[in-house]
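User: Please take a close look at the charged side chains in this structure. Which of them pair up, and how accessible are they?

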Amino acid sequence: MSRNRLAVVVLAAGKGTRMKSALPKVMHEIAGRPMLRHVLDTCAGLDPDRMVVVAGPDMPSVEAAAVPHAIAHQLEQRGTGHAVGCARAALGEAPFDAVLVVYGDTPLITVETLARMVEERERTGAAVVVLGMRVAPPNAYGRLVLDGSGDLDAIVEAVEASPGILALDLCNSGVMVIDGAALFGLVDRVRDDNSKGEFYLTDIVGIARGDGRRARVVEAPADELVGVNSRADLAAAEAILQQRLRAAAMANGATLVDPASVFLAADTVLGRDVVIGPQVVFGPGVTVGDRVQIKPFCHIEGARIGAGAIIGPFARLRPGTVLADDVHIGNFVELKNAEMGPGAKANHLTYLGDATIGGGSNIGAGTITVNYDGFGKYRTEIGARAFIGSNSSLVAPIKIGDGAMTAAGSVVTHDVEADAIAIGRARQVDKPGRAAEFRALQRAKHKK
């Protein structure tokens with residue numbers, strides 16, 4: 001038996017004027033990822049045969065985020081029914097058993113909920129399955145009106161609703177699964193004779209019922225269907241997603257000492273027995289191995305951390321950081337595009353940028369890789385078991401061999417061979433008795 005063919009249409013043309021931003025609404029991020037990408041990644045879990053993103057005019061960032069999926073354009077915002085109609089050509093001629101219509105500004109919806117909608121349409125043969133939620137108070141949401149058998153009879157927009165309809169608490173989320181063969185026959189009959197002069201996709205329910213077809217409702221928790229229309233909505237969605245990510249991390253074997261103060265990215269990967277202290281922030285692209293300790297007030301982005309490593313407190317790991325097993329990164333240490341071999345340590349007050357550090361090496365406090373001359377970035381290579389003295393400045397490009405040492409306070413400007421000691425500082429000169437003479441001279445000077 002062949003699998004039913006599914007298409008997905010993501011409506012993402014809204015300008016989001018209440019966001020007061022030059023960025024398209026669906027490109028605002030939660031958990032380090034644009035809302036549109038959350039929706040696309042979730043829908044991809046259904047393994048659809050085709051996905052189309054409906055964008056507005058002059059939205060190159062939306063089109064870039066939609067890759068590799070098809071793009072359709074809604075040049076005028078004339079309602080959700082009109083937006084779906086704009087996807088007709090991008091969907092192509094191949095027939096689909098069902099078309100899922102979702103919104104790019106509802107990033108919290110889950111693949112499990114969408115799968116239930118698809119399954120309900122297959123089970124009942126309904127023309128339309130609508131995703132509903134119960135919201136208190138329901139405010140401006142459209143209401144779902146059921147008939148005596150539990151089928152969906154109509155969707156009534158709040159601005160068109162009577163007081164009796166407004167008293168209902170079953171609300172329309174806007175998400176629908178529609179019979180693919182019937183979709184555009186229904187959409188083409190939607191009219192704009194309403195108070196807003198728009199083509200409401202919701203009207204297809206009444207049209208389908210008039211054709212003798214069934215419409216059904218699947219309910220989902222309201223927090224899955226939070227729509228983002230303002231900065232306050234964005235913050236609320238972030239809070240809900242962070243709660244989910246923290247719960248999943250702990251369920252999978254990580255300890256979050258103070259969960260509410262830890263912020264995870266959507267793609268953060270944590271191994272087993274990881275312990276994360278308070279006030280730790282993960283940006284996108286972080287993978288953490290087993291048994292890692294991340295102490296308080298660390299910021300980590302675009303980094304890979306090996307098993308058994310100890311990080312922080314107050315460490316910053318920037319993109320391109322790769323730490324092998326059992327590496328120690330201490331307080332006020334910053335790494336960028338740096339690799340550290342097994343057991344290497346940088347325990348205090350250090351910047352390592354564009355660097356490779358061999359296994360077992362120790363980087364002393366105050367060390368800086370001088371990687372930028374105002375024009376280009378240059379790399380520092382430190383071998384295994386090297387010892388870099390405190391307050392060393394390593395002027396890249398430079399190579400320091402296995403087992404080599406640099407004296408504290410050195411400015412190292414050329415390569416150091418294996419097992420050598422580099423001393424790059426002025427020779428100390430002592431002047432016996434001169435301190436007392438200096439003080440006497442100053443006192444006499446200030447008496448005048």
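Analyst: Arg-213 is partly exposed, at 28% relative accessibility. Buried means under 20% relative accessible area, exposed over 50%, and partly exposed lies in between (1.4 Å probe, protein chains only). This is a predicted model: local features need pLDDT of at least 70, side-chain atom pairs count only at pLDDT 80 or more, and totals for chains, interfaces and linings use all residues. Residues are numbered from 1 along each chain as its sequence is written, and side-chain values use heavy atoms, leaving out hydrogens and water.

Arg-213 forms a salt bridge with Asp-179; their closest N and O atoms are 2.9 Å apart. Arg-213 sits in the loop between helix 8 (203-210) and strand 11 (215-219), and Asp-179 in strand 10 (residues 170-179), so the pair ties together parts 34 residues apart in sequence. Helices (H or I, at least four residues) and strands (E, at least two) are DSSP runs, numbered from the N terminus. A salt bridge here is a side-chain nitrogen of Lys or Arg within 4 Å of a carboxyl oxygen of Asp or Glu. Asp-179 is buried, with a relative accessible area of 13%.

Next, another pair. Arg-316 and Glu-334 meet in a salt bridge, 3.7 Å from N to O. This pair links distant parts of the chain: Arg-316 is in strand 21 (residues 316-317) and Glu-334 in strand 23 (residues 328-340), 18 residues apart. Arg-316 is partly exposed at 40% relative accessible area. Glu-334 is partly exposed too, at 23%. Elsewhere, salt bridges that share partners join Glu-120, Arg-123, Asp-151, Arg-214 and Arg-216 into one network. The whole structure holds 19 salt bridges.
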